Amino acid sequence: MAGVVTIGLAAVVLVPTVFSSHKSALSSSFQRVLLTPTAVSSVTGDDYRINTASDNSEDDDASTGCMEGANGLTSQTKDTADASRAFATADHNGFVVEALVNNPTNAQQMDQLRSALKSCSVSTFAGATVSLQPLTMPQIAGSDDALGIEMTGQIGGTSLVMDMAIARYGNTVVAIMLGEIDGPQSLQNLTDSLLTQAAVTARPAFPKP
């Protein structure tokens with residue numbers, strides 16, 4: 001069970017690492033429109049709850065290698081606002097992270113990540129080698145750009161699949177990460193559905209262009 005919890009915590013810190021924390025009135029507005037456990041459970045068909053666990057270890061769980069640039073995509077000094085929430089199933093075999101970030105350089109950052117993925121098929125995550133694959137994203141209503149990544153590999157001897165999907169609306173991005181341990185080979189359909197639901201829920205709080 002300890003290994004399962006470690007994998008879950010590693011996944012939970014990845015999106016907040018890519019989209020770093022910043023407090024503002026807009027951040028508070030973002031926090032109020034994050035998905036709820038009921039919404040996540042409805043989309044996935046599993047019983048998800050807010051994950052209040054925190055990673056207090058000194059280990060760097062963020063990805064490295066050719067994905068290392070993603071860890072510093074958003075500078076804390078440039079973020080106008082952000083908010084995130086983590087969810088997990090009771091057995092920690094499934095986990096979801098949602099992040100909302102407003103940053104004037106988000107378009108450039110997504111372009112940089114997309115460019116890196118063209119020559120990046122393997123990276124390191126939570127100390128293990130994982131395979132990376134860009135995902136073909138559906139049209140997310142009203143979005144200016146969308147990007148998807150799938151990570152698969154063995155962490156601590158356990159099979160792990162994680163999909164990350166990002167939709168950009170002007171300077172604001174909605175990011176969803178969905179991961180499962182010993183789950184299906186692909187989670188893209190569920191991840192896309194979560195991203196669509198998150199965008200619909202959060203858009204009323206986005207700053208006007």
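**Exercises on a predicted model**

The side chain of Thr44 reaches the backbone nitrogen of Asp46 at 3.2 Å. This distance comes from a predicted model.

**Exercise 1.** Determine which other backbone atom the side chain of Thr44 reaches, and in which helix Thr44 lies.

*Solution.* Step 1: locate the residue; Thr44 belongs to helix H3, residues 37-44. Step 2: inspect the side chain of Thr44, which reaches the backbone oxygen of Val40 at 2.9 Å. Step 3: apply the cut-off for a polar contact, a pair of N or O atoms within 3.5 Å.

**Exercise 2.** Classify Thr44 as buried or exposed, and list its contacts beyond four places in sequence.

*Solution.* Step 1: the relative accessible area of Thr44 is 13%. Step 2: buried means under 20%, so Thr44 is buried. Step 3: with neighbours within four places in sequence left aside, Thr44 is in contact with Leu190 and Leu194.

**Exercise 3.** Describe how strand E5 is joined to strand E6, and characterise the hairpin of E5 and E6.

*Solution.* Step 1: strands E5 (residues 122-125) and E6 (residues 128-135) run antiparallel and are joined by four bridges. Step 2: Phe125 has Ala128 in E6 as its bridge partner. Step 3: two residues lie between the strands of this hairpin, in which Ala126 takes a positive phi near 55°.

**Exercise 4.** State how many bridges pair E6 with strand E7, and which residue of E7 Pro134 stands opposite.

*Solution.* Step 1: six bridges pair E6 with E7 (residues 145-155) in the antiparallel sense. Step 2: Pro134 stands opposite Ile149 in E7.

Terms used. Residues are numbered from 1 along each chain as its sequence is written. This is a predicted model: local features need pLDDT of at least 70, side-chain atom pairs count only at pLDDT 80 or more; totals for chains, interfaces and linings use all residues. Side-chain values use heavy atoms; hydrogens and water are left out. Two strands pair if DSSP finds at least two bridges between them. Buried means under 20% relative accessible area, exposed over 50%, partly exposed in between (1.4 Å probe, protein chains only). A polar contact is a pair of N or O atoms within 3.5 Å; within protein, one must be able to donate a hydrogen and the other to accept it, and residues adjacent in sequence count only if both atoms are side-chain atoms. Contact means heavy atoms within 4.5 Å.
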